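Please open the model in your viewer and follow the stops below in order, selecting each item as it is named.

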Amino acid sequence: MSKRLVQLGVLIAILVAWYVATLPGGVHPLLLPPPIPVFRNFGVLLTTSSIWPDLFVTVREWVTAFCLASTAGCLIGYLVSRSGYAVRVFDPLFAGLYSVPAILLFPLYLLFFGLGAGSKIAIGTTIAFFPVVLNTIAGLSYVDKAYITAAKSMGANSAQLFWSVMMPAAFPVILTGLRLGCIVAFLSILGGETISSLAGLGHRIVSLAENMETSQMFANILFAVAMAIIINGLVSFAEARGRRGFQ
Amino acid sequence: MSERRGPLLSPGITRLLVIIGLLVLWEVSARFYADPLFLCPPSQAVMALKHIFSEPKIVKAIEITVYEMVTAFLVSVAFGMTVGLAIGLHGFTKQAILPVVLLLYAIPQATILPLFVLSFGIGPAAKIAFGISHGIFPVIVTTVAGVQNLRAPLLTAAKSMGASRFQVFTSIIFPHMIPSFFTGMRLGMTAVLLGVLLAELYVSTAGIGFYTRLFAESFSPPDLFALIAVLAAIAVTLNEGCRTMERRFSRWHAM
């Protein structure tokens with residue numbers, strides 16, 4: 001209880017500091033707009049449909065990228081994990097590629113796929129692919145050998161082995177990969193839209209910034225932040241549910 | 001164990017062959033099938049490296065970018081450690097401030113990139129600031145977690161044997177912090193690289209972002225590929241440096 005109070009107090013202190021900082025003579029409103037218009041604009045965003053076209057673009061890019069990345073990641077991860085030798089060959093390869101900041105590829109993707117949705121889907125897919133594939137390999141290839149031996153000696157065929165032994169053991173790890181992929185796909189698509197794009201949430205924020213409409217821009221940032229937090233909560237919830245569902 | 005008969009090649013060599021195979025595939029497809037305005041064979045990209053390094057402006061741009069990365073990283077680590085210790089060592093601040101830090105960490109930072117440009121201009125300052133805003137949070141969070149893992153009996157024992165605050169810090173807290181310190185450094189480095197590169201690609205007048213845009217818009221893929229390869233090499237070197245340090249120093253903990 002007192003914990004919540006302290007947190008609420010800090011939150012209120014931040015809001016008050018924000019308000020005081022933007023009083024006349026404080027921070028220039030172009031750099032930090034006063035809180036009241038920001039929240040008014042945020043209210044307008046929530047109640048009108050002006051943001052929907054951009055939101056739709058971003059969500060479509062995100063869903064496409066995540067579907068591509070999770071399909072490719074799970075499939076390739078599954079194929080690699082079928083042989084221990086392939087795991088030893090490919091796992092370090094993927095892990096090594098993962099340590100290259102994939103955002104570097106964005107200029108190339110702009111060249112290949114243009115300014116529209118294609119380049120964002122490509123960057124989102126690339127970035128989300130690695131957590132999915134690495135976790136799929138990790139999940140499927142580190143199943144306790146004793147379970148496999150036991151199932152085989154009891155006469156399980158390969159389908160039974162996969163669905164009743166491998167999947168229940170590997171599923172939580174794969175789910176973690178999917179959750180990470182889902183989140184990084186969203187973040188990298190926002191990043192791509194910020195760098196250069198024709199439509200979408202990131203594009204909207206940048207164009208508001210370039211028009212110096214900072215209170216509108218803050219409202220949109222607030223929207224994106226709220227969205228990221230909700231997505232985070234939803235996928236964590238889905239992960240927890242999925243984990244229980246498979247036991 | 002149903003281990004199949006050992007393959008002839010060690011995994012490392014097969015991996016190398018896979019990489020070579022992919023490069024050959026790329027070379028052949030780019031040379032014979034692709035539009036040279038968009039894709040170039042890797043051999044041309046390697047040749048373009050010479051062009052990149054002979055152009056003093058591009059070398060300067062790479063230097064500026066590395067400088068931005070290193071500065072942002074050092075500031076993130078120094079401030080992140082200090083803030084993390086300040087937050088983690090007291091129950092009250094941990095309750096009050098840590099949720100705020102986690103909330104800030106959850107912000108999709110790319111959306112606030114224009115704010116950094118508004119405040120810090122289009123020069124290196126904005127890139128460094130954006131890099132710090134990416135790098136500082138993982139450092140803070142791992143530092144707080146490191147303090148949290150401190151075993152209470154050790155602290156009680158030290159205090160009951162009359163250790164001063166300073167002694168507690170140097171003999172107990174600090175040695176215990178080392179593994180999480182290096183983990184924080186590694187995560188911070190990854191984040192700083194992302195932040196600096198994002199800011200560079202968004203707007204840049206002298207750094208590499210300017211040149212990636214120039215090469216993309218003038219349709220010269222060999223230069224673009226070569227520049228990206230150089231940056232990737234720098235990023236991997238910095239990342240691996242942190243990772244090696246982490247591996248080296250986390251052995252400490254096993255005592």
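Predicted model: local features only at pLDDT ≥ 70, side-chain atom pairs only at ≥ 80, totals over all residues.

**The surface, the fold and the aromatic pairs**

Switch to a cartoon next, where chain A shows 10 helices and zero strands. The C-alpha atoms fill a box of roughly 80 × 55 × 30 Å along the principal axes, and chain A is more spread out than a compact globule, because its radius of gyration of 23 Å is well over the 18 Å that the globule rule gives for 247 residues.

For the next stop, select the aromatic side chains, among which 19 aromatic pairs are counted over all chains. Pick A:Trp18 and A:Phe39, whose ring centres lie 5.9 Å apart with the planes at 55°, so that the pair is tilted. Since A:Trp18 belongs to helix α1 (residues 2–21) and A:Phe39 to helix α2 (residues 35–47), the pair ties together parts that are 21 residues apart in sequence. A:Trp18 is buried, at a relative accessible area of 16%, whereas A:Phe39 is partly exposed, at 39%.

Move on to A:Phe94 and A:Phe129, an edge-to-face pair with 5.9 Å from centre to centre and 75° between the planes. This pair links helix α4 (residues 84–98), which holds A:Phe94, with helix α6 (residues 117–141), which holds A:Phe129, across 35 residues; A:Phe94 and A:Phe129 are both buried.

Technical notes. Residues numbered from 1 in each chain as written. Chains lettered and ligands numbered in written order. Heavy atoms only, no water. Phe/Tyr/Trp six-rings, centres within 6.5 Å; stacked < 30°, edge-to-face > 60°. Helix = DSSP H or I, 4+ residues; strand = E, 2+ residues; numbered from the N terminus. Buried < 20%, exposed > 50% of the residue type's maximum accessible area, 1.4 Å probe, protein only. Rg over C-alpha atoms; globule rule 2.2 N^0.38 Å.
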